[in-house]
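Student: I would like to learn how to read a structure feature by feature. Where do we begin?

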Amino acid sequence: MGNIAWAQNTIALPLIINYSKSDYHAGAQTWSIAQDKNGLMYFANNEGLISFDGSFWKVYPLPNRTILRSIAIENDRIYAGGQGEMGYFAPDSHGFLKYSSLVDLLPKSQNKFADIWDIEILGGSVFFRATDRIFELNNNKIEIYYPKSEWQFLTKVGGRLIAQDKKFGLLEYKNHEWLPLRNNQILDNHIVSGITSFNKDKLLVTTIDRGFFLLNKDSLSISNIHADLKGHNTAIFKTLMVNSNELAVATTSEGCTIINLDGTIKQNISRSEGLQNNNVLCVFMDKDSNLWVGLSNGISMIAYNAAIKYIMPDKVNEAAGFSSRILNNHLYIGTSDGGYFTTFSTDQGDIGFSKGNFQPIGNSDGQVWRLDEVNQHLLMAHNSGTYEIENDKATQLSSDASWLFLPISTVQPSRYVLAGTYKGLKLLEYTGNRFVDDGNLYGTYESFRFLVTDNNGSIWSSHPYRGIYKIELSADKKKYSSKLFTDKDGLPSSLNNHVFKIKNRVVFATEKGAYEFDDASKKFIPSAFLWPIFGNIELRYLTEDADGNIWFCSGKKIGVVHFTTLSSNKNFQLTYFPELTGQILSGFENIYPYNSENIFIGSEKGIIHLNYKKYASTKTTLSTIIGNVRTVGNIDSAVFGGYMEKTEGEGQTEHAQNQVLHLPSSFSAYHFEFSSPNYSIQKSITYSYKLEGFDNDWSSWAPKTEKDYTNLGDGNYTFWVKSRDNLGNESAAVSYQFVIAPPFYKTIWAYLFYFFVLVTLIYFLKKWQDHRLKIQQLEYEEKQKQIIALHNLEIEKSEKEIIKLQNEKLASEILLKKKELADTSMHLIEREDALARVKEELQKLYKKTGNNHDVKIALQLMNGIEKNSSNWDQFAAHFNEISNDFLKKMKSRFPNLTNADLKVCAYLQLNLSSKEIAQLMNISVRGVEMSRYRIRKKIQIPPEQGLNEFLNAIE
């Protein structure tokens, strides 16, 4: 930003903001200034076209990088004229200014020319003035007008296009002709520097050598206006009507001078008043009535129409302003370098516009802390004593350094006045229309900078580092008693407390809001009246004006509470003045609200003058622009240059770019620059923004004019921004829309590929699933087979077990039957044995009895029993039954075996011994052995195999 400077001709002068080459990064000289419909400022500079939106500067050089001498704006085109070049800048589809040359429209024989000094637009035609020709551009065709000698000037004023020929004077363009005006001879070779509207029928013509002429219709005459410029060699380079009665004159050596139409110089703004230099090349007034001046080295803006101005009684030392007071049409100012005064005109509501020349107050050198009007007299609190100011001189009343004065009585004139001094209280007595020193009062030895009286006559004083004192004067006013209150008595802190009287109440400004003293509890409590207004913000100063408004200082900020209903504190408007933040004197805050048009504020440099009536009534039309959009990354890339089409929306003005930008997904970080082209109130403007598609709501208001977004995903985005000033005026929201394309993996081709892959996967998955299902089916079938096989095996096993059990049972039964058969055989053997013995005994008896018939009959019976007992067929059948047809199988396989042989085999199967067999067969054991031998031979058993083993193997 530029630096701030002040000028001083009238009592108060406007703010001057100086911009140097280091601010706008271009050449030194600026030749022409213009403003477009969106409020952007443009400057024709040695290094090209410069644009400024209030926050950001941009430079657009001409193609041949020549000096740009002149510019003019029509719609979206910025016509430009330079050395041997003319053309126009216009935005492209992405909002970037691009230059198009018009030289190619000229015949080759005419495309060589010098500087284009002036450009004017009239009736659809654009006129470019060089010294040797004027070009008219219309419908993309150029017509050339040559001078009789040399073209020296060209301007459009009041719908008329007027040029100056060096030899023939002023000419007016009509129907493609340049017609001379009457009485041109009175110019007498004066070079015209400006033609402005004077009244309904007349134009004011100024010349470089400070001549003034009037042009009435088509007749030229000499004007009685004469500007008494200081420098004899000063030339008027440009002129501009500031209002209906004031003319801004750009001079070559005296800066910018404002003159009335009677020739009286109202203000002179030059280097000595803070301008960068005195050589003004051009002057321009923007839509907010700010004066812009192009200098031989820099650009400056003069907030000529602003409600805030500055008073510098001591321009050399730039002394701090502590206090101010108006008395008898004199403005008195107390500074860190003494007191100053000036007279002012009573016919001016705004005293700042009055002419005035500050003079030092005699005998006031040093720190003037305070100026107080008491009994229509002006008292001065000074670091070297207590003074009364009369006319232009201060008379010392006491050598005790003092801070302020407090009348004891509310009825004027007050006989007694207390002075707060460095060491306590002093009493001044008003007698004989003058003040006399009644001496110091006996009491607490303390520095009293703040004093007020309450409705009970008690005096309250605050000490910034101790607390609050309540002071009671003795009846004879010779002494006083005091009680100190601290944070133990309800104050939020013992530090930084200040006492004031507001709305007839004693109020204490603290670090945590406004407090009052409660007599009932003897404690400090939040002010019921002021707490709803300020809350717990830090308060350092309070004062009340004649309209009931409360002026205050909070930290380094200044504000005012305006009550719409004086009897209530519920209907109020709280307004801050952000343009003044940081300019007040911290610790020595002072605001003197003389009336609504004249508020005097102590500052670090002189006094700030505020016309609050004008400030509050100014209806500022705010606008907001998005000046630049760029992507941020490894390589920054500008994607939008700030120039938009303007469309009307529902209740708001929306700016939309010519086309919506689509960017790849790699561009995920964006930087937005925005501003409000309201140049004199830049410090009062805050911004709110949101990125639709990312932010859920608008941001909080802040003065920042840039915003970065990172890691944005693909999608449609709209960046919105709006501005607001400290009075609550809000601009329409403007927007910039852009689209971040999805990454490749989110594109339609990617989705088609994904679909194809998905279909392929599904196909192969189905194939795989089918294959797996088939395998599973086969596995299932195999498993089922296995299960069936296992089941069959289990069944077979069970059957085998059953068979085994049956076989075992059968074997057991066979064994049992065999045992029974064997037992039976044994019984038979035993019976045969017994029968044999009986028979033997009978035979013996028969012989002994001599063949006794009865014995014989008994022997016959025994033979019959033996015969019955040896019934082989019955035995064989029974044996076959229990031995699986063993005898049948033996007979079938070995038919040569006899019954005796089969008997032996059967007995062997029954595991009978040879002896037992011999008994059964009624043969000897030897006979059994012989039978065994014969059987082996018949059935041909190998020697290594036993007969029993062979027989057991027969199935």
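**A contact to begin with**

Tutor: The side chains of His-377 and Asn-433 make a polar contact at 3.2 Å. In general, a polar contact is a pair of N or O atoms within 3.5 Å; within protein, one must be able to donate a hydrogen and the other to accept it, and residues adjacent in sequence count only if both atoms are side-chain atoms. This is a predicted model: local features need pLDDT of at least 70, side-chain atom pairs count only at pLDDT 80 or more, and totals for chains, interfaces and linings use all residues. Residues are numbered from 1 along each chain as its sequence is written, and side-chain values use heavy atoms, with hydrogens and water left out.

Student: Is His-377 buried or exposed?

Tutor: Buried means under 20% relative accessible area, exposed over 50%, partly exposed in between (1.4 Å probe, protein chains only). His-377 counts as buried because its relative accessibility is 11%. His-377 lies in strand E36 (residues 377–382). Strands (E, at least two residues) and helices (H or I, at least four) are DSSP runs, numbered from the N terminus.

Student: Which residues does His-377 touch?

Tutor: Contact means heavy atoms within 4.5 Å. Leaving out residues up to four places away in sequence, His-377 touches Leu-327, Asp-372, Glu-388, Tyr-430, Asn-433 and Phe-435.

Student: How do I read a sheet?

Tutor: Look for pairing: two strands pair if DSSP finds at least two bridges between them. Here, four strands form an open sheet in the order E3-E4-E5-E6, with antiparallel pairing. Its edge strands, E3 (30–35) and E6 (57–60), each pair on one side only. Within the sheet, E4 (residues 41–45) and E5 (residues 48–52) pair over five bridges. Asn-45 stands opposite Gly-48 in E5.

Student: Why is strand E64 largely enclosed?

Tutor: Five of the seven residues of E64 (residues 686–692) are buried, so the rest of the structure largely encloses it. Seven bridges join E64 to strand E66 (residues 715–724), and the two run antiparallel. Glu-692 stands opposite Thr-718 in E66.

Student: How far can I trust the model?

Tutor: Check pLDDT, the predictor's confidence in each residue, from 0 to 100. The protein chain has a mean pLDDT of 87, and 92% of its residues reach 70 or more. Residues 1–8 have pLDDT below 50, with 36 contacts in the model beyond near neighbours in sequence. Residues 646–654 are also below 50, with 16 such contacts. Where pLDDT is low, the predicted coordinates should not be read in detail.
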